[in-house]
Every structure is written in structure tokens, then in C-alpha cells.
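Dear colleague,

Please find below the structure that I am handing over to you. My notes on what was found in it follow directly after.

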Amino acid sequence: MQAYTYNPYSILGKSILITGASSGIGRATAVECSKLGAKLILNGRNEVRLKETFFMLDGQGHMIIPADLTNEDELKQLVDSLPLMDGIVCNAGISKTAPISFFKREDMEQVFDVNVFSIALLLKYILKKKRMKNPSSIVMTSSVGGVFNVSPGNGIYSMSKCALDAYMRTTALELSSKGIRCNSVNPGMTWTKLITDGSLTDEQLQEDMNRYPLKRYGDPKDIALAIIYLLSDASSWVTGTSLKIDGGFSLVR
Ligand SMILES: NC(=O)c1ccc[n+]([C@@H]2O[C@H](COP(=O)([O-])OP(=O)(O)OC[C@H]3O[C@@H](n4cnc5c(N)ncnc54)[C@H](OP(=O)(O)O)[C@@H]3O)[C@@H](O)[C@H]2O)c1
């Protein structure tokens, strides 16, 4: 049998920072990237769960750098420890649901702090320290929420992800001269603790899932593989794009 070695989607040997790697989509991205031979830097706050991810990885040369991205001192220390990189996956994020008349300033600040401001500051310090190669790729985990569809109670989260997509496009334009591409993945409902944290009952999740044309929610690996495409040289002419991955949900919403 002929052995096929041609793989334009390769990320072999690429050095990639993944935030939010202690669970969910970030963990799946780390595991899949390691199977393809990337060298990973894993960030999250929970050191125990970060180590769990670390021990799930294939290959060697990976590192863990725990840090709360909303703490500017910790964020700067993280950046100081980074090698020269081929890719960043800005994936850490949180969600808050509330009807409009119950919005609290502190809820909005908390969500924007993680989902928007920490990413803008992380990239600022990484660029100042010249930690990105030319060429390299930045991928942000946004959402279909707000960007492609809206749902009641999701206003704060939707605002944050729209802001993130706008920032992603600005970054793509501004960094193009440095050979740095920037794109987002925009998942629909994906099985992680973000959606199983108790704000929706099992019955509500099941009912919602049945409305998805492909009749299932996303698996974290579905999102990880799309992120890998955007990290790889296969997407070398793709920048400023929001890649919707939602099992067709926004077609019927
Ligand atoms: N699941 C979905 O349905 C869905 C849909 C669309 C978009 N998304 C987006 O996907 C991304 C990943 O979420 P997920 O679904 O995988 O949820 P998850 O399992 O809850 O993972 C969230 C990750 O973010 C990290 N994080 C949160 N706050 C942080 C902070 N201040 N500093 C550093 N790390 C922090 C968490 O780390 P620690 O726990 O260690 O703090 C965790 O690793 C998020 O941006 C989310 O908005 C998810």
C-alpha cells in the first residue's frame, strides 16, 4: 500500500499557545494538536485540570503556564515565559445569562474582562515582546451567539463575542504586514462545562439539541479540528474570517 505523506494541514513542530486549555474546547484542541506533532503551551487557572490536559498529550516539549488572564501582572508573567510562537489559540471564555432588565454592571465587566479585554491585552504584550513568528496564526474562539444568531437571555455573552469578532478583524488587518493571520471559530452549542453548568436543565438542552439540523450538539473535537485548519498553512490565504461551526443551527434559527 502506498504511504501518503502529503499533508498541507500539518502543524508538525509548530509552537502554539492555547488559553483555556484546562477543559472543554481548549483541552480537545491541545490533545488534537499534540497528536499532529505541535509543541504546546497550555494556559488556564486551574492547575490540577491543566495537568490533566498535559498528561493527555502526545509527544514531548509541552509546557503549562497557569495564569488568570484578567490579572494583568499574571498575564505579563505568562508572556515573559513564552517562546517564539507559530500560533495562539485565544480560547478562554466565560458565559453569563440574564434577561435585559436583570443585567448587572459587574456581570458585564466580568464577562468582558475574560472574553474581550484579556485577549486584547494578551496580544498587546505578545506583540510588544515580538513572540510571534512571520508567518504565524492567531485563532480566537468566538461563538455563533451574537455574531450569527441571538437568543433571549444571552445579551451579555453575545455583546462580548461580537466585540471579539470585531477585534479579530481589526487584528487581522493590522497584523497582515507582519505575516500574522487572525481568524475566529464560531461554535454553536458544544458539550463542555460551559453549557452543563446548570443554567439549562437536561430537558432544555435535549429540546434545544433536537432543533439542530444535524441533530446533535458539537463535540469539542469538532471545534478543535477547525482551529487546527486555521493554525495550519492550509489556511495561509485566510485572514479576518469568522468560521461558523454549528451543525446547521443558524440555518433554521
Ligand atoms: N461550549 C459551547 O457551547 C461554546 C459555544 C460557543 C463558544 N464557546 C467558547 O469556547 C471557549 C471555550 O469554552 P468551553 O466551552 O470549552 O468552556 P469551559 O470548558 O468552561 O472552558 C473555559 C476555559 O476558559 C478558562 N478560563 C476562564 N476564565 C479564565 C481566566 N480568567 N484566565 C484564564 N483562563 C480562564 C477556563 O480555565 P480554568 O477553569 O482553569 O479557569 C477553561 O479552561 C469560550 O471562549 C467559549 O465562550 C463555547
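This is a predicted model: local features need pLDDT of at least 70, side-chain atom pairs count only at pLDDT 80 or more; totals for chains, interfaces and linings use all residues.

Helix H4 spans residues 105-128 and carries a kink of about 50°, centred on aspartate 113. After H4 comes lysine 130, which has a positive phi, near 55°.

Tyrosine 125 also belongs to H4. Beyond residues up to four places away in sequence, tyrosine 125 touches Leu75, Lys76 and Val79. For valine 79, the C-alpha atom is separated from that of tyrosine 125 by 6.7 Å, although the two residues are 46 apart along the chain.

Turning to the chain as a whole, the protein has 8 helices and 7 strands. A compact globule of 253 residues would have a radius of gyration near 18 Å, and the protein chain agrees with this because its own value is 18 Å. Along the principal axes, the C-alpha atoms fill a box of roughly 50 × 50 × 40 Å. Of the 253 residues, 39% count as buried. When contacts between residues at least 6 apart in sequence are considered, 73% of them join residues at least 24 apart.

The interior comes next. In soluble globular proteins, nonpolar side chains tend to be buried together. In this model, the largest nonpolar core has 45 residues, and Ile16, Ile18, Leu40, Val89, Val139 and Ile227 are those with the most contacts inside it. Helix H7 (residues 220-231) supplies the largest share of this core, with 7 residues. Isoleucine 18 is in contact with Gly26, Thr29, Ala30, Leu40, Leu42, Asn43, Val89 and Asn91, leaving aside neighbours within four places in sequence.

One of these partners, alanine 30, is found in helix H1. Is alanine 30 buried or exposed? It counts as buried, because 28 C-beta neighbours lie inside 10 Å. With neighbours within four places in sequence set aside, the contacts of alanine 30 are Ile18, Ala21, Leu40, Leu42, Thr53 and Leu57. Methionine 132 is 102 residues from alanine 30 in sequence, and their C-alpha atoms are 19 Å apart in space.

Helix H1 (residues 24-35) also provides the largest share of the shell around the ligand, 3 residues. There are 29 residues around the ligand, of which Gly20, Gly24, Gly44, Arg45 and Gly93 come nearest. By class, the shell consists of 16 polar, 9 nonpolar and 4 charged residues.

Finally, tyrosine 212 is placed in the loop between helix H6 (202-209) and H7. Tyrosine 212 is partly exposed because it has 19 other C-beta atoms within 10 Å, where a buried residue would have 20 or more. Not counting residues up to four places away in sequence, tyrosine 212 touches Tyr217, Gly247, Gly248 and Phe249. Lysine 96 lies 116 residues from tyrosine 212 in sequence, with a C-alpha to C-alpha distance of 22 Å.

With kind regards

Technical notes
Residues are numbered from 1 along each chain as its sequence is written. The bend at a residue is the angle between axes fitted to the seven residues ending there and the seven starting there. Helices (H or I, at least four residues) and strands (E, at least two) are DSSP runs, numbered from the N terminus. A nonpolar core is a set of buried Ala, Val, Leu, Ile, Met, Phe, Trp, Tyr and Cys residues joined through C-beta atoms within 7 Å. A residue is buried if 20 or more other C-beta atoms lie within 10 Å of its own, exposed if 12 or fewer, and partly exposed in between; C-beta atoms are placed from the backbone. Two residues are in contact if their C-beta atoms, placed from the backbone, lie within 7 Å. A residue is near a molecule or strand if its C-beta atom, placed from the backbone, lies within 6 Å of it. Ala, Val, Leu, Ile, Met, Phe, Trp, Tyr, Cys and Pro count as nonpolar, Asp, Glu, Lys and Arg as charged, and the others, Gly among them, as polar. The radius of gyration is taken over C-alpha atoms; the globule rule is 2.2 Å times the number of residues to the power 0.38.
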